[in-house]
Amino acid sequence: MTLWIAHLRRTPLLLFIVLYTIATGGPFVWVASMSVRTTPEIFANPYALPVHLHWNKFMDAWTTSNYGTYFWNSTIVVVTAVAAVTVIGAMAAHCLARYRFRGRRTVRFLILSGLVVPPQLLILSLFQILLDYRLYNSLTGLIIVYVATQLAMTVYILEGFFAQIPQDLFDAARMDGYSDFEIFWRITLPIGLAAIFTTVTLNFIILWNEFLYAVVLLTDDTKRTLPLGIMHFMGGHQLDVGMIATGLMIAILPVILLYAFFSETMIKGMTAGAVR
Amino acid sequence: MMAPSKSTEIPAGWIRASLARARQACQNPVLVFLAPALLIYTGFIVYPVLRTFYNSVHVLRPHNILEFVGFRNFAELFRKDPVFWTSVRNTAIFSVVGTIADVAGGLLLALCLFAKVPLARAWRVVWFTPVLMSYVVVGIIWVWIYDYDWGVVNLVLHWLGLGALEHSWLGDPSTALWAVMVTHLWKWLGFNMIICLAALYALPGEVLGAAELDNCGWIAKLVYVIVPMLRPTLVNLLVLSFIGKMMIFDLVWIMTGGGPLWSTETVSTYVYKRAFDWNTFDLGYPSAIAVVWSIIILLFVVLMTRLLSQREKLEF
Amino acid sequence: MAVVTVDQLSKRYEGSNELAVKDVVFTVDDGEFMVLLGPSGCGKSSVLRMIAGLEPITAGTVSIDGRVMNPVPAKDRDIAMVFQSYALYPHMDVYTNLAFGLRRRGVAREEIDRRVRGVAEKLGLTPFLGRKPHALSGGQRQRVALGRAIVRDPKVFLFDEPLSNLDAALRVTTRNELIKQQHELGTTTIYVTHDQVEAMTMGDRICIMNRGEVIQIGRPLEVYRRPADTFVARFLGNPPMNLLSGRLEGAGERPRLRFAEVAFELSGWSPAVLRSHLGREVTVGVRPEDLWEGPPPGLQSGMVRLPVHVITVEPLGAETLLLLLIGGGDEELIARVGRDTALKNGDLASIALDPSAVHLFDPATSKAITRAD
């Protein structure tokens, strides 16, 4: 396998790798640099490194341009939704993996078919439904919708994992007198922690970045999540590139920070749904 | 004081029986575990889907009056809606070309890292970064990259002496769709690369050694050994990528809003516009579009899976 | 003609400071069946892969018929290899597996068909030509792997532990099959294994390796009877050779070997050699089959009797293994005696030893003390 190298003349390969790395990572470095430069500075020389680091732009963005509110909204929505979908999904996955009951196949099919439901089939009716229940334009409504849309993927991943836990552990626990809920709490959850981590990562990234449902179901500026906030700002201040860049950095930083420490977990988490 | 009439009197026995049933249900672990998931799922996935189907055969008149129109929405869609067909064409091109480029590109990137280059782990981490970013971030950055005056693309072309090729990438109807496609690729290649890389590492090394002894250069190895053995993974990626691209909304909305001149209008953006941006507020028609499109996606997925995957499972 | 020469071959793997293969030297003559034998991790597979061209060489050369093969890519070395896991192409049927290498080399279609069918016939694979590997048994897959190598008609065959994935019975029949094929074809063969039975029965010569180095090369019986060091001595032979501590003592013409509370003169040793180790500790090697309960006729005289304490008697049907304590009772000895033995656990008995069958090793270097200078 290692003689593979001899067949490729190495230099073009290495050159390509370096170029592609610049193409992938470059834009983020660029945004980071723009986020601490003022817009006039940027227009004078778009690709220069910052001469003076204008950290105050972050403060401005946070307060004046409302990014603080957007960030806070996103945090509330995403943390709550991820927590909820993890608990609810884990319970459902545990049930489907461990118990045999009539209609199990139907329920499983039902939930997993959610994996292929296109958002278009949902948004219009969800719009109507949330309006009817006065959950429209509310963070609560969005949270519930997020839980619903991420449920299928979460159950899919967790069920696959939970099903692999040897039945012996459960039999032993049952003989030791544990109740069903205690078994779930003390056995499935601790052993399945790795898979749960995976789904938490996946759901976090997807929901932090989610745009379509948010843009349909939220209209108040005070309720906007971060992606929406940035778009709204962009709509009103298209030429204020510097400020937009700062806003983008506020959205990017949490993800990059997590990625810096947990890159392997995040990579595995994001690709979990696709590995067969 | 009047005695309660028979119709409003609730027999005590019935209350006791229901309470007993409820208590028993709470003791049934299956129900307890499944209830929250099923409730949310039924209420916010199943019901909306059914309601969309319901909507599609109605027209929503002012004051929330639903008028049943049968298949008229669908007829109008197929016969009298050029925008719909443009959006279908755009989405189709985007999906087919984009999917092939997506998976082939992911495989090639994975092969680059598989070839025992130094610092492979580091490159891998960087290449995956766009996958983690919101479409808003990606879209805005690339709008800037495609800018006619100061965007990187035009600047590099100018620097390479290819100034004649400079375009207003997102403003020119003939290039806009392709520009969005490149951005979409940029975001997702890392994802396919990771999966292909994992699959490559799972290949038995001795088979690749045997191929070398059988006079295979790296292209022959790729064509005759690697791709056939990677087939299940590749088919998976093709289907996933295809579904994602058929439903594309975010990136298009952010970068072009469907313009210029409908050149990047996709089915999803059109559905959104018909529902919320049209001067006649009617959810019936866009629901019909959503229904039709979902059925088409489903058909294609079934077709693709049938045609492309292999029947026997090869063990190795 | 295919003579394979390996000269000062060395290999260092990335990220490791040690050499996995150190200055290996050997030559395989035309048509010879050379076995590379050694425990796992001794570097034998690495040597094989370097000869094949699948592993880059750190230092040294591999030559075939005098032509240095280091810069030559694997596909141009005219070598065929049978891998431990068979490495069949799982998505191709047996016919295509056999034909693939030839197709890739542009051989004419009729020629390919003739060769493939010929080899399939020889190996009994004709009924399976249309099947894919996952539909074959382990033994059948092994034959396809062998066929794939034969059909190429190469200069050299390389085998990387091809029998280790087969069950015991199949291993014996396949072993004989392989020997038969190799004799018919007369191709130079290098065969890697950790199984000494395979090495003893299949090889024209054995090259024993340990920790990346060649320890000894020779014909099977030669290596068995004259092991170069204690490692080889214990690696070949089942049960392994007994190694005990002893001492050469006594002045005068005939030094005596003292061990296990007996002392006796050694026969078959050059006195000069014995005198040079006089007064020193030596490691004494005795093979289990050289210990007798009652010595066979013809060997009565000169036998030394060792007092032993019988710990375990293991009747194996055709023979019996005895686990014995000798000397003061702290050194163990395994003896191989006939199936009719009267000894029982706990017996105190005496075991006969033929002094000419004793091996001596230098305890400091583990190397054998040769009988003559």
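**View 1. The two domains of chain C.** In this predicted model, the centres of domain 1 and domain 2 of chain C, taken over C-alpha atoms, are separated by 40 Å. Domain 1 covers residues 4–229 and domain 2 covers 242–361, with bounds that come from an automatic or database domain assignment. Residues are numbered from 1 along each chain as its sequence is written, and chains are lettered from A in the order in which they are written. Local features need pLDDT of at least 70 and side-chain atom pairs count only at pLDDT 80 or more, whereas totals for chains, interfaces and linings use all residues.

View 2. Seven bridges join strand S17 (residues 320–326) of chain C to S18(C), and Leu322(C) stands opposite Ala335(C) in S18(C).

**View 3. Two helices from chains A and B.** Helix H14 (residues 241–271) of chain A packs with helix H8 (residues 176–201) of chain B at an angle of about 95 degrees, their axes being 10 Å apart; helices are DSSP runs of H or I with at least four residues, and axes are lines fitted to C-alpha atoms over the stretch in contact, with angles from 0 to 180 degrees between N-to-C directions. H14(A) and H8(B) are therefore roughly perpendicular to each other, a term for angles of 65 to 115 degrees.

Conventions:
Pairing = 2+ DSSP bridges. Parallel < 35°, antiparallel > 145°, perpendicular 65-115°, else oblique.
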